[in-house]
Amino acid sequence: MLRIDNLSASYGEAQVLREASLEVAPGEVVTLVGRNGAGKSTLLRCVMGLHPDQRGTVSLDGRDLTRLPAYRRARLGLGWVPDDRGAYATLTVTENLTLPPRVGPDPWSLERVYEAFPALYTRRDSPATKLSGGEQQMLALARVLRMGARMLLCDEPTEGLSPLLVQQVGDLLREAKRHGVTVLLVEQNLHFATGVADRHYLLAEGRVVEAMDNSEVRSRERELLAYLGI
Amino acid sequence: MTGFLQHTFDGLVNGAFYALLALGLAVIFGMLRVVNFAHGAFYMLGAMGAYVLLTEFGVPFWWALVIMPVLLGALGMALERAFVHRLAQLDPLYNFLLTFGLTLILQDLVKSRYGVQSIPYATPGELGGSVDLGLFDFPTYRVFVLVFAVAICVGVWWLLTHSRVGMVVRAATERPELTRAFGINVGRWVTPVFGFGIALAGLAGVLAAPMRAVNPLMGADLIIVVFAVVVIGGLGSIFGSVAAGFGIGLVQAWGVVYLADWPILSQTLVFIVMAAVLMWRPAGLFGREEAPA
């Protein structure tokens with residue numbers, strides 16, 4: 001579904017991605033693990049078309065995205081959950097949810113979103129930045145589900161969340177997967193990652209250095225945690 | 001007491017012009033990150049245009065109130081496409097200089113044709129005389145200006161908060177990159193928003209024609225105060241620009257009366273207020289610190 005070939009990207013002089021390549025099959029949930037600064041967020045931004053200084057190719061369903069602007073990529077079914085959760089202060093919760101156009105075959109209705117997230121419903125007319133961190137994370141996920149995105153790009157959706165909310169994020173991602181949604185997930189929480197994902201890529205200094213399955217990650221958990229510095 | 005109310009009313013009428021102009025500047029700055037120095041020139045073109053329409057074509061005030069904003073809005077959109085757009089990727093200073101140059105050109109073009117003398121523009125007959133508002137009489141035309149400007153500001157506010165277009169403009173103003181990543185072609189909205197801001201300036205100009213001196217420099221005199229208004233309200237804040245517009249109108253009106261013995265103070269009051277506000281709230285009264293992209 002998503003294919004990244006020899007992707008390089010820099011911020012000015014600093015090269016962040018060095019010929020990274022990976023592939024995500026339709027319906028798969030794949031995580032990207034790596035230390036802080038390994039280039040994980042940059043990789044997602046490159047897929048979204050938000051990083052101007054990049055080389056290599058990104059393709060979705062065999063279609064080269066390289067020359068497409070971000071909004072066209074979103075309309076092809078890419079849903080971005082940014083690391084800062086992307087809540088708009090000048091938009092209400094409902095507006096945050098309904099801002100993106102529907103892009104996929106199976107978008108969630110607003111009713112369904114509010115049924116799944118009662119906390120968002122009670123705060124529906126408040127500015128989204130008034131929500132708690134956890135609620136903002138739910139909002140960010142609910143937004144791409146309402147879009148009907150076929151492929152989610154989630155940047156550390158569990159960061160800073162309570163265990164209960166982490167579990168809820170996991171349930172959501174598993175449910176999305178059951179409905180055929182593909183997910184590329186940046187994640188530091190290995191336990192969470194093996195619970196929702198099919199496969200894992202390890203990113204180091206801008207390169208994809210290893211591809212692992214769940215059993216490998218579990219058996220090497222100590223080593224990986226030490227490497228990630230957690 | 002009557003005197004105070006009269007000054008307050010005059011301050012609100014002057015504030016109405018500040019509010020309309022600042023609103024256009026704020027909408028443009030929010031969406032394009034362009035400080036449109038030419039805003040005062042478009043205000044002037046609105047007034048001059050009303051005059052030309054009346055004297056050359058016999059078009060009355062009411063039609064000018066529709067025609068000039070539409071014409072200037074279209075001109076604004078053309079300018080955005082032809083020039084502003086091309087400089088958008090560069091340092092904002094380039095567009096500031098562009099609009100500054102544009103101001104000089106527009107002013108001189110008008111000057112070469114109509115001179116620098118102020119031109120009289122008759123108050124439309126329906127709005128002549130005065131209305132009795134209980135305590136004393138107000139000139140009808142000024143009451144009309146105040147009511148009309150408030151209605152426009154409320155209308156724009158409603159559009160921004162209750163329409164899909166308004167939602168997109170707010171989102172694109174706050175976080176342009178994120179908004180693109182959500183499938184919205186932000187670039188498509190830039191030109192109409194610029195045109196809309198210019199149309200508001202033109203509208204203010206037409207409103208000014210019957211009650212202010214119409215001349216090529218009328219915008220240049222005003223725009224500096226309007227910039228102070230926008231900064232006080234908070235750059236890019238729609239509500240802030242309107243509130244600060246009326247607020248500064250009041251402050252000026254009261255200053256002229258109560259600081260009459262210190263003319264230097266009353267003339268610079270706006271900038272003193274601006275400095276004080278900036279020390280207290282660097283992003284302006286209703287502004288937000290720039291969010292990270």
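Q: What share of the contacts in chain B with a separation of 6 or more comes from residues 24 or more positions apart?
A: First, the contact itself: two residues are in contact if their C-beta atoms, placed from the backbone, lie within 7 Å. In chain B, residues 24 or more positions apart account for 77% of the contacts with a separation of 6 or more. For chain A the figure is 72%.

Q: What kind of model is this?
A: This is a predicted model: local features need pLDDT of at least 70, side-chain atom pairs count only at pLDDT 80 or more, and totals for chains, interfaces and linings use all residues. Residues are numbered from 1 along each chain as its sequence is written, while chains are lettered from A and ligands numbered from 1 in the order in which they are written.

Q: What average pLDDT does chain B have?
A: pLDDT is the predictor's confidence in each residue, from 0 to 100. Chain B averages 91, and 98% of its residues score at least 70. For the complex, the predictor gives an ipTM of 0.91 and a pTM of 0.87.

Q: How many helices and strands are in chain B?
A: Helices (H or I, at least four residues) and strands (E, at least two) are DSSP runs, numbered from the N terminus. Chain B has eleven helices and two strands. Chain A has ten helices and ten strands.

Q: What share of chain B is buried?
A: A residue is buried if 20 or more other C-beta atoms lie within 10 Å of its own, the C-beta atoms being placed from the backbone. Of the 293 residues in chain B, 47% are buried. Of the 230 residues in chain A, 48% are buried.

Q: How is a pair of packed helices described?
A: Give the angle between the axes and the distance between them. Axes are lines fitted to C-alpha atoms, for helices over the stretch in contact, and angles run from 0 to 180 degrees between N-to-C directions. In chain A, helix H6 (residues 133-147) and helix H7 (residues 163-178) pack at about 5°, with axes 11 Å apart. That makes H6(A) roughly parallel to H7(A) (angles under 35 degrees count as such). H6(A) brings A:Gly134, A:Gln137, A:Leu141 and A:Leu145 to the contact, and H7(A) brings A:Leu165, A:Val169, A:Leu172 and A:Ala176.

Q: How many residues does each chain give to the contact between them?
A: Chain B gives 14 residues and chain A gives 19. On chain B, helix H6 (164-174) and helix H7 (176-181) each supply at least two residues of the side that touches chain A.

Conventions
Buried ≥ 20, exposed ≤ 12 C-beta atoms within 10 Å, placed from the backbone. Parallel < 35°, antiparallel > 145°, perpendicular 65-115°, else oblique.
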